[in-house]
Amino acid sequence: MANICKLSDAINESLDEYFVHLDGQPPHAIYEMVLGCVEKPMLEYVLNKVGGNQSKAAEMLGLNRNTLRKKMAEYGL
């Protein structure tokens, strides 16, 4: 649980920095930005952890294998 809190803290710090550096521009597509920054490295990490086994990775992530494949294609993995 402590690692989840660290991840949450890191996201909060990154978003604080994002808003500070907007330079007067309105925020845009924050959800997609955060998801893209977190999802791809998470998928890469888990796939590496299971030696590329998509079935094991999908199970570990709590995703359907087809959903995992779609996300892998989306991120060019």
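Phe-19 is partly exposed, because its relative accessible area of 42% falls between the limits of 20% for buried and 50% for exposed residues. In this predicted model, Phe-19 also takes part in an aromatic pair with Tyr-18, and the arrangement of the two rings is edge-to-face, with 5.4 Å from centre to centre and 80° between the planes. The count of aromatic pairs comes to one. A pair of aromatic rings is described by the distance of the centres and the angle of the planes.

The chain contains four helices and zero strands, so that its elements, read from the N terminus, follow the order α-α-α-α. The radius of gyration is 15 Å, whereas a compact globule of 77 residues would have a value near 11 Å. Taken along the principal axes, the box filled by the C-alpha atoms is roughly 45 × 30 × 15 Å. Of the 77 residues, 16% count as buried, and the accessible surface of the chain comes to about 6000 Å², with 54% of it belonging to carbon and sulfur atoms. Among the contacts with a separation of 6 or more, 29% are accounted for by residues 24 or more positions apart.

Which residues make up the largest nonpolar core? This core has nine residues in all, namely Leu-43, Val-46, Leu-47, Val-50, Ala-57, Ala-58, Leu-68, Met-72 and Tyr-75. At least two of its residues come from each of H2, helix H3 (54–61) and helix H4 (65–74), and H2 gives the most, with three residues. Val-46, a member of this core, touches Ala-57, Met-60 and Leu-61 when residues up to four places away in sequence are not counted. In soluble globular proteins, nonpolar side chains tend to be buried together.

Helix H2, which spans residues 30–49, is also the place of Cys-37. Cys-37 counts as exposed because its relative accessibility is 54%, and the cut-off for that class is over 50%. From Cys-37 to Lys-49 there are 12 residues in sequence and 19 Å in space, C-alpha to C-alpha.

The two ends of H3 can be described in turn. After H3 comes Gly-62, whose phi is positive, near 75°.

Positive phi values are also found in residues other than glycine, one of them being Asp-23 and another Ala-29. Asp-23 lies in the loop between helix H1 (2–20) and H2, and Ala-29 is likewise found in the loop between H1 and H2. Asp-23 counts as exposed because its relative accessibility is 75%, whereas Ala-29, at 35%, counts as partly exposed. The table sets out the values for these two loop residues.

| Residue | Phi | Relative accessibility |
|---|---|---|
| Asp-23 | Asp-23: about 55° | Asp-23: 75%, exposed |
| Ala-29 | Ala-29: near 50° | Ala-29: 35%, partly exposed |

Notes. Residues numbered from 1 in each chain as written. Predicted model: local features only at pLDDT ≥ 70, side-chain atom pairs only at ≥ 80, totals over all residues. Heavy atoms only, no water. Buried < 20%, exposed > 50% of the residue type's maximum accessible area, 1.4 Å probe, protein only. Phe/Tyr/Trp six-rings, centres within 6.5 Å; stacked < 30°, edge-to-face > 60°. Core = buried A, V, L, I, M, F, W, Y, C linked by side-chain atoms within 4.5 Å. Contact = heavy atoms within 4.5 Å. Rg over C-alpha atoms; globule rule 2.2 N^0.38 Å. Areas by Shrake-Rupley, 256 points an atom, 1.4 Å probe, with all protein chains shown as cover.
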